[in-house]
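Open the model in your viewer and keep the selection panel at hand. Two stops follow.

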Amino acid sequence: MTSFTSQGRTGAEKTVTTHMNREQAITEAFVSLTDTVADDVDPLTLLRRLVDHCVRLSDMDAAGVMLVSARGRLQSAVVTEERVEITEMFQAQADEGPCVDAYTTGAPVHAADLTAHEDRWPVFTPLALAAGFSAVHSLPLRLRGQPLGALNLLARTPTPLTGQDVRLLEALAGTATTSVLTWSSEPLRPYDIVTRTQAALSVKAVLDTACGMLAATAAISPAEAGHRLRAYARLRHQRPSEVADALVRRALSPRTVLAPPP
């Protein structure tokens, strides 16, 4: 089990005094959660950053992440304080609680005041209250529809989460989940960096060619052509690069892409 100390509500990192400071903190959080190539980064480091940012950017006092094992059991991965790990162990052993429900249903679970949920979680609720937590919110961790675990957010007093808070925390969790599952233990070599850079430039060339084809067909600007191409890709849940490649290979007609959506 990996844990670290959080400064809590009164800590210097928790205090965000201006809108600009908060915006900067949010930006820094997303940047740190996408850093998968630094020498000192591994999956647990990314998850530790996630729970740290969640506490710092919300009214929650503590946080933790539970991941599903190969046997299909939820296990505690990282926590901001030991009492969170205790509540997660309770949930796993009793097979009940906000985290279990979020993982099972794939939907957020909110218990802003745990005392109102004793009938729902008769084993978990009194144990969580005894551990010093009066509110628990759990957000599912998923990637491409596959459940991976849940993010637990806890407060010492009854505390709701606003819709804006939930959207931010879900975005942070989604970013961290993607980073964890794309992390590689093999460091990038100079050749790898050159190769990936060239791949990005190659994709750009194909996109430019495809946009030129659309622009010529419809007598529109390249910028408008790019907008139409991305809209077509978005409606069909495809990457713009895939649509561009199909256009360049003549496997897709420009008029098909330019046609009004159904």
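Helices here are DSSP runs of H or I with at least four residues, strands are runs of E with at least two, and both are numbered from the N terminus. This is a predicted model: local features need pLDDT of at least 70, side-chain atom pairs count only at pLDDT 80 or more, and totals for chains, interfaces and linings use all residues. Residues are numbered from 1 along each chain as its sequence is written, and side-chain values use heavy atoms, leaving out hydrogens and water.

**Stop one: a pocket**

Select L47, L67, V68, L141, L148, T177, V180 and L181. They line the second largest pocket. A pocket is an open set of points on a 1 Å grid over the protein atoms alone, where a 1.4 Å probe fits, with protein on both sides within 12 Å along at least five of seven lines; lining residues have an atom within 4 Å of a point. Its volume is about 170 Å³, the space filled by probe spheres set on points joined across faces, edges and corners.

Now colour strand 2 (62–68) and helix 6 (163–182). Each supplies at least two lining residues. Helix 6 gives the largest share, three. By class, the lining has seven nonpolar residues, one polar and no charged. Nonpolar means Ala, Val, Leu, Ile, Met, Phe, Trp, Tyr, Cys and Pro; charged means Asp, Glu, Lys and Arg; the others, Gly among them, are polar.

**Stop two: a helix pair**

Select L229, R230, Y232 and A233 in helix 8. They meet P240, V243, A244 and L247 in helix 9, with contact meaning heavy atoms within 4.5 Å. The residues of this contact divide into seven nonpolar, no polar and one charged.
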